[in-house]
Amino acid sequence: MIPYPPLKALVAFDAAMRNNSFSLAADELCVTPGAIGQQIQKLEAWLGVTLFVRQIRQVQPTEAATAYWQRIQPALARIADASHRLRQNRQQGVTLSMPPSFAAKWFTRRMAELLTRHPGLDLHLNASVVLVDFEREAVDLAIRYFNGRDPGLNAALMFQDEARPYCTPAYAAAQQLDSPESLTQASLLVTTLQPHWERWFSQFSTLTPAAVAAIPRIHFDQALMAIEAARQGHGVVLTSPYLTEAEVARGELIEPVPGCLPLENGYYVVHHHQQTPSPAAQQVRNWLLEAATRPGVA
């Protein structure tokens, strides 16, 4: 087996040499200067030589580091070029990641339109709750649910989120749900994504915190499961209107009482801030942003 040096450390070393700075190398690779230092130390340990002289607020490459970098930098450049060319050769291939609930409730209902508009598109959909690491994963775009603030990402807002209560018409009638206070007679379905019942009651009801805490609850780690539980008549879910479009359109879910809670988070289309999306990925990004402005699909 060929004893390769730690490849991640080589990338950090190359960035540090090109930028003549750990801090600038960290900015380029979207990590901390400390992480760059740790990778350099790993490479120094593997090589058995000192690559940088560390001083207060300054690092200086040694002669050994300069000589080593001059020999490996052309090889690293060839690897980057070959990888870029291979990526460009799959112009119509786009890998898109998004949360499972969003994929099931919003995206798949519109996917046929995307593929009809761009028939040559080779779409790879990754539905996962794990955040994409654009540095290490071959993912072109992701839909992320957050506040839009991340210096390592280019983030374009699809829509700001909000939380509304939903249940079946039969459940609302059986529990006589006609006001926020009447929800003391219901079971609350709580999702990890939107655990905002306390805020909702504080804004829309006159109930005391103790009265709210006494209402029975069922907790779900995915909105998809909580919405299905509400559709089966097991309680009232507080969730996004973007995830309940189909059920509301079919009359399976209603808003039993008024109360729209604005949220800081929203759904954003993101990609690495230093990577320009391929033409096909740009087409998907543009379509997502356009589709977000149109009414829900029946």
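1. Start with the second largest pocket: 24 residues line it, and the ones nearest its centre are Pro99, Ser128, Val129, Tyr145 and Leu193. Its volume comes out at about 430 Å³. Keep in mind that this is a predicted model.

2. Which elements give two or more residues to that lining? They are β3 (93-98), α5 (100-107) and β5 (141-146). Of these, β5 gives the most, with five residues.

3. Now over to Ser21, which sits in the loop between α1 (7-19) and α2 (22-29). Is Ser21 buried or exposed? Its relative accessibility is 17%, so Ser21 counts as buried, the cut-off being under 20%. A polar atom of the Ser21 side chain lies 3.1 Å from the backbone nitrogen of Leu24, and that is within the 3.5 Å used for a polar contact.

4. On to the cysteines. A disulfide is a covalent bond between the sulfur atoms of two cysteines. How many disulfides does the model have? The count is zero. Take Cys167: the closest cysteine sulfur to its own belongs to Cys260 and is 16 Å away, so that pair is too far apart for a bond, given that the sulfurs would have to be within 2.5 Å.

5. A last pair of values, on accessibility. Cys167 is buried, because its relative accessible area is 0%. Cys30, at 34% relative accessibility, counts as partly exposed.

Note on methods: Residues are numbered from 1 along each chain as its sequence is written. This is a predicted model: local features need pLDDT of at least 70, side-chain atom pairs count only at pLDDT 80 or more; totals for chains, interfaces and linings use all residues. Side-chain values use heavy atoms; hydrogens and water are left out. On a 1 Å grid over the protein atoms alone, a cavity is a set of points where a 1.4 Å probe fits but cannot get out, and a pocket is an open set with protein on both sides within 12 Å along at least five of seven lines; lining residues have an atom within 4 Å of a point. Grid points are joined across faces, edges and corners, and a volume is the space filled by probe spheres set on the points. Helices (H or I, at least four residues) and strands (E, at least two) are DSSP runs, numbered from the N terminus. Buried means under 20% relative accessible area, exposed over 50%, partly exposed in between (1.4 Å probe, protein chains only). A polar contact is a pair of N or O atoms within 3.5 Å; within protein, one must be able to donate a hydrogen and the other to accept it, and residues adjacent in sequence count only if both atoms are side-chain atoms.
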